[in-house]
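User: I'm new to this one and would like a quick tour of its inside. Can you walk me through it?

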Amino acid sequence: MNTPSQAPAMSLSLPPTTACNFALTEAQIALLPTEDDVRFYQEHGWYISRPIFSDAQLDATLAGSERFYAGERDWVMPDGTPDFLYGWRGNPGLRKNDYASLVNRELHALVHHPLIGAIAACLAGVPVIRLWHDQLLYKPSDDPACPANVGWHTDRGYWKTCSSVQMLTCWIPFHDCDAAMGTVSMVDGSNQWPDNTTALNFFSNDLDGLEQQFVTGGKPVVKTPMTLKKGQASFHSCLTIHGSGPNRTEKPRRSLAVHLQDGDNHWREERYPNGTLAQHFNDTLVRKTEAGFPDYSDPRVCPVLWDATALGAPEVR
């Protein structure tokens with residue numbers, strides 16, 4: 001998710017575009033979701049992967065995030081980019097840095113891990129997955145004076161300009177993560193509920209208050225924490241309500257959220273109830289179509305992460 005912005009159009013200095021090899025090894029193919037896994041995801045709105053990242057990959061990513069927080073940049077976002085994108089300045093509480101993979105090579109490498117796109121394609125039942133954007137997240141140990149909860153929300157609530165409801169998110173902790181550490185929790189099956197894209201709020205710490213706003217369609221509220229071992233990731237639908245409580249351990253919770261769009265997703269005009277035109281910051285970063293609309297297939301900002309139609313790629317199953 002992201003906060004809509006009215007920032008002016010700008011040019012980018014981004015990671016170089018390279019040809020992708022979508023062929024998986026036999027070992028990687030064995031890590032894809034089964035047909036039962038896909039049915040579970042479609043019914044419940046979330047999925048926990050098998051271990052898909054090595055300790056070395058995640059340790060390198062963690063080191064890269066430390067370089068990021070220290071101010072090191074491998075590529076440079078343009079002058080005038082708002083601080084909420086990638087400019088954490090040492091403020092307490094939850095750190096949320098959008099588009100971090102566009103300026104850091106280790107985060108960029110993790111986002112482009114082929115199993116992220118391949119698993120997303122299986123779950124969504126689509127042949128092509130593109131990056132939407134990413135968020136580097138750091139949740140410190142609980143401090144009642146400065147809470148760092150993530151309020152109940154749906155990602156779709158922040159992606160109103162998108163034509164697709166097949167979009168999804170891969171959440172990758174850099175270490176073992178459980179409820180004590182404030183792992184992300186899913187409201188089971190909420191992807192099947194009536195619309196919950198307006199009243200909920202990522203930025204609210206009042207989880208109990210937000211829960212009173214759920215539109216359940218008469219279904220029970222079942223909250224399921226994503227208990228993950230290092231190397232695993234969770235995936236959830238853009239319609240699934242999710243959030244997270246305090247980190248009650250002595251170590252910070254470190255993670256990366258990779259937001260993903262299917263190949264058919266495109267910009268659409270959407271207005272909020274007050275008549276204001278919906279926007280996402282991607283609208284500012286991406287190139288324009290011939291008709292003058294934001295192009296969500298811009299390979300600089302939204303590169304293809306998986307294409308099952310490419311030579312050598314296994315079919316989505």
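User: Which residues does Leu 168 touch, leaving out those up to four places away in sequence?

Analyst: This is a predicted model, where local features need pLDDT of at least 70, side-chain atom pairs count only at pLDDT 80 or more, and totals for chains, interfaces and linings use all residues. Residues are numbered from 1 along each chain as its sequence is written, and side-chain values use heavy atoms, with hydrogens and water left out. Taking contact as heavy atoms within 4.5 Å, Leu 168 touches Tyr 41, Ala 120, Leu 123, Ala 124, Ile 129, Phe 235, His 236, Ser 237, Cys 238, Val 258, His 259 and Leu 260.

User: How many residues are in the largest nonpolar core?

Analyst: A nonpolar core is a set of buried Ala, Val, Leu, Ile, Met, Phe, Trp, Tyr and Cys residues joined through side-chain atoms within 4.5 Å; buried means under 20% relative accessible area, with a 1.4 Å probe and protein chains only. Leu 168, Ile 172, Phe 235, Val 258 and Leu 260 have the most contacts inside the largest one, and its size is 60 residues.

User: Which helix gives the most to this core?

Analyst: Helices (H or I) are DSSP runs of at least four residues and strands (E) of at least two, numbered from the N terminus. Several supply at least two core residues each, including E3, E10 and helix H6 (114–124). With 9 residues, the top giver is H6.

User: Why is strand E3 largely enclosed by the rest of the structure?

Analyst: E3 covers residues 128–139. It's largely enclosed because its buried residues number 12 of the 12.

Conventions. Buried < 20%, exposed > 50% of the residue type's maximum accessible area, 1.4 Å probe, protein only.
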